[in-house]
Amino acid sequence: MLVIVFNKSNQEALQIELKDRKFCTVRTLDAVIASVTKCRRDEEDDDMECDEPNSSSDSEEKVKEESEDDSEEDKSNEDTMLDFDANFSDTSFSKSCYKEWIYKEHMKYGGGSGSASLIQMRLTHPKARVFICKQHSRLSLRHDSDKANPWNGCHSMFPLKQIIDSQSTFAARRFVCDRDKSLADLLAKYDIIFLDEAQDIFSGLEMRLLMQSSTPVVSVGDINQSINSFVHQIKDSYCDKRSPCIFPMETADKNMPQQIQWYSTYRLCALTVAFLEDFCGVNMVSKRTDTSVIRWQNKITEPNTLVMARSNHSVLKIAMEYKNDNIRVMGGVRVASILKAASISAGQNSMAKTASKLKQNGQLASMLKFLVAQDISINELKENPTFCVSTIHMLKGFETSNTAVHADVFEAAAKETQANTVDRTDRSVLFVAASRHTRSLTILIDIPEPAKSIENVKVQSTLDLTKFIYSKKN
C-alpha cells in the first residue's frame, strides 16, 4: 500500500504509527513525484530514488561540458539551467531568472512583485484560461531593454518554459508529471493507493496525477475540514489596477464516485458534537460515552494545552503573553523569520506594527531568540504533549487532550458568514480548531451574554455561567 498524505508533518507522524506495517509506504504527493523527476531528493526518501538525480556535482559537470561548445544554442541552454527552489518566492524567482536585471528594478518595473503566485497558479491549473495584466506581461522580458513579446500565460514562453524544463519548483514537477503521465509505472507497483485528507485535492491536475494509477485509489477526507483554498489564490495587489490578472481554478472532476459517506467520530463526545452542530452547522454522531468540557475564558487553565490561532501574528501575541510560562511555538523558527523580515519592512500590517513596537522597547532580539529556542515540531508535540501555540494550518490530522482556540478564528468565521460568500474556508477553520481536543476545549473570547428566552427553539445544551463551562443539560 502507498499512503499519500497532505504534508511532511503528517508523513512523519503516520510513519511512526505504521512503523510495524512493513508493506506500507507513507509519502507526500511531492515526494512521490520527486521519485520520477530529476530532483534533489530528501535524505529520508531513500526508498524512492530519483531516476535523474540533479546533484550539484552533476549540474556543475553539465555546465562545464556545455561551456566547451561556443554555439549560441548551447550558451542559451546553459543560461536556462535553474537550481531546484524549494521555497519559491518573488525574490528567489526574480534573482534566479533575471540576472541581467537589477533586482529592485525588476521587482518594481519588470513584474517581479507578486509574480511567484501567478507562476505557481499557471503550473497548478494549466488548462485554465487566464488573463495577464500589463504589469505581469513584462515577465517575458529578460532585462529592461528586452524586446520580447509580452507574456500571455503561455507555458512555452520564458519564464515558464525555463522553470518547466529545469523542473525547478514543486509545481513544475507536478506539471511535468501530469503532462508526461510519469506516475503511471510507479503507482502500478502498489496493490492499492490510499489518499489521506482528500478534501485538499482542489485542482484537476492533482486529480489527474492520482488517476494515473491502474490500481484502486481509496480517498478519505472531510469536506468540512477543507481549509487550504488559500494556496490556489493569486496575489493581485501588484497587478495593473485598471485590469488585474485573472487566474481561475481548474477544478477537480465533480463526477468522481463517492461511494461511502460516514460521519461518525470516536474522538469527540456527544457534548462537543452538539456544540459543533450549534456553532458550525455540521451534523455528526459521537461514538464516545464520556463527556469533555468546553470553557469560555480569556486565560489558559488546563495543563499541556495546545493553543490554535488563524494567523502568525496571533501566534506571536500568544507567545509574548505566555513567554514566562515557557510556552513552546510550533514553527517558531519560521515565525521568528517573519517577525525579523517585518521589522525591516515599510509595511503597516499587524506583524510590522508589533515588530516596530518590540524594536522601540529593545525587546525584538530577545523575542526572536525566544521563538527560535521554543520551536517544536508536530512529532515532538505528539510524543510529549506540552503547553504550545500553533497556527491551525500546521495541525492537519492532529489531536490532543486539551486545546484552546484564539478569538481570531471566530472573528474570521463570523466575517465570512456575514459576507454570505460561497467560500467556507474560515468556517471550516473554525470547525477544525473546535474539533482537535479529546478532553477539553477552551474558547479564548469573552463570555457571551445569556440568550433571551425564545419560545419553540431547539435546546441541546446551556452555558453554565457560574463555571463558564458549556455543559450537558440534565
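## Overall picture

The structure is a predicted model. Its protein chain contains 19 helices and 15 strands. Of the 474 residues in the protein chain, 48% are buried. The accessible surface of the chain comes to about 25,700 Å², and carbon and sulfur atoms account for 49% of that surface. Among contacts in the chain with a separation of 6 or more, 68% are between residues 24 or more positions apart.

## Helix H19

Which residues of helix H19 are buried? The buried residues are Thr425, Asp426, Arg427, Ser428, Val429, Leu430, Phe431, Val432, Ala433 and Ala434. They pack against helix H12 (270-280), strand E8 (306-309), strand E12 (400-406), helix H18 (407-418) and strand E13 (437-444).

When neighbours within four places in sequence are left aside, Thr425 is in contact with Ser226, Ile227, Ser229 and Glu416.

Helix H9 is mostly covered, with eight of its 11 residues buried. These are Ala171, Ala172, Arg173, Arg174, Phe175, Val176, Cys177 and Asp178. The cover over the buried residues of H9 includes helix H2 (29-34), helix H7 (115-124), helix H8 (160-166) and H11.

Several backbone features belong to this part of the chain. The peptide bond from Phe158 to Pro159 is cis, with omega near 10°, and Pro159 is placed in the loop between H7 and H8. In the loop between H8 and H9 lies Gln167. Gln167 is not a glycine, yet it has a positive phi of about 50°. Gln167 is also buried, with a relative accessible area of 13%. Just after H9, Lys181 takes a positive phi of about 55°.

Elsewhere, Asn326 is a residue other than glycine with a positive phi, near 60°. Asn326 is found in the loop between helix H13 (312-321) and strand E9 (328-330).

## Salt bridges

A search of the whole structure finds 15 salt bridges. The table presents some of them.

| Residue pair | Distance, N to O |
|---|---|
| Lys382 and Glu17 | 2.3 Å |
| Arg174 and Glu206 | 2.8 Å |
| Arg288 and Asp290 | 2.7 Å |

The side chains of Lys382 and Glu17 meet in a salt bridge. This pair links distant parts of the chain: Lys382 belongs to helix H17 (residues 378-383) and Glu17 to helix H1 (residues 8-17), 365 residues apart. Lys382 is partly exposed, with a relative accessible area of 40%, whereas Glu17 is exposed, with a relative accessible area of 51%.

The side chains of Arg174 and Glu206 meet in a salt bridge. Arg174 lies in helix H9 (residues 170-180) and Glu206 in helix H11 (residues 204-210), so this pair ties together parts that are 32 residues apart in sequence. A network of salt bridges links Asp30, Arg174 and Glu206.

A further salt bridge joins the side chains of Arg288 and Asp290. Arg288 counts as buried at 17% relative accessibility, and Asp290 counts as partly exposed at 42%.

## Packing of H14 and H16

How do the axes of helices H14 and H16 cross? The axes of helix H14 (residues 332-343) and helix H16 (residues 364-373) come within 7 Å and cross at roughly 160°. Because angles over 145 degrees count as roughly antiparallel, H14 is roughly antiparallel to H16. From H14, the contact is made by Gly332, Val333, Val335, Ala336, Leu339, Lys340 and Ser343. From H16, Leu364, Met367, Leu368, Leu371 and Val372 take part. By class, this contact of H14 with H16 has nine nonpolar, two polar and one charged residues.

Technical notes:
Residues numbered from 1 in each chain as written. Predicted model: local features only at pLDDT ≥ 70, side-chain atom pairs only at ≥ 80, totals over all residues. Heavy atoms only, no water. Axes fitted to C-alpha atoms, helices over the stretch in contact; angles between N-to-C directions. Helix = DSSP H or I, 4+ residues; strand = E, 2+ residues; numbered from the N terminus. Parallel < 35°, antiparallel > 145°, perpendicular 65-115°, else oblique. Contact = heavy atoms within 4.5 Å. Nonpolar A, V, L, I, M, F, W, Y, C, P; charged D, E, K, R; others polar. Buried < 20%, exposed > 50% of the residue type's maximum accessible area, 1.4 Å probe, protein only. Areas by Shrake-Rupley, 256 points an atom, 1.4 Å probe, with all protein chains shown as cover. Salt bridge = Lys/Arg side-chain N within 4 Å of Asp/Glu carboxyl O.
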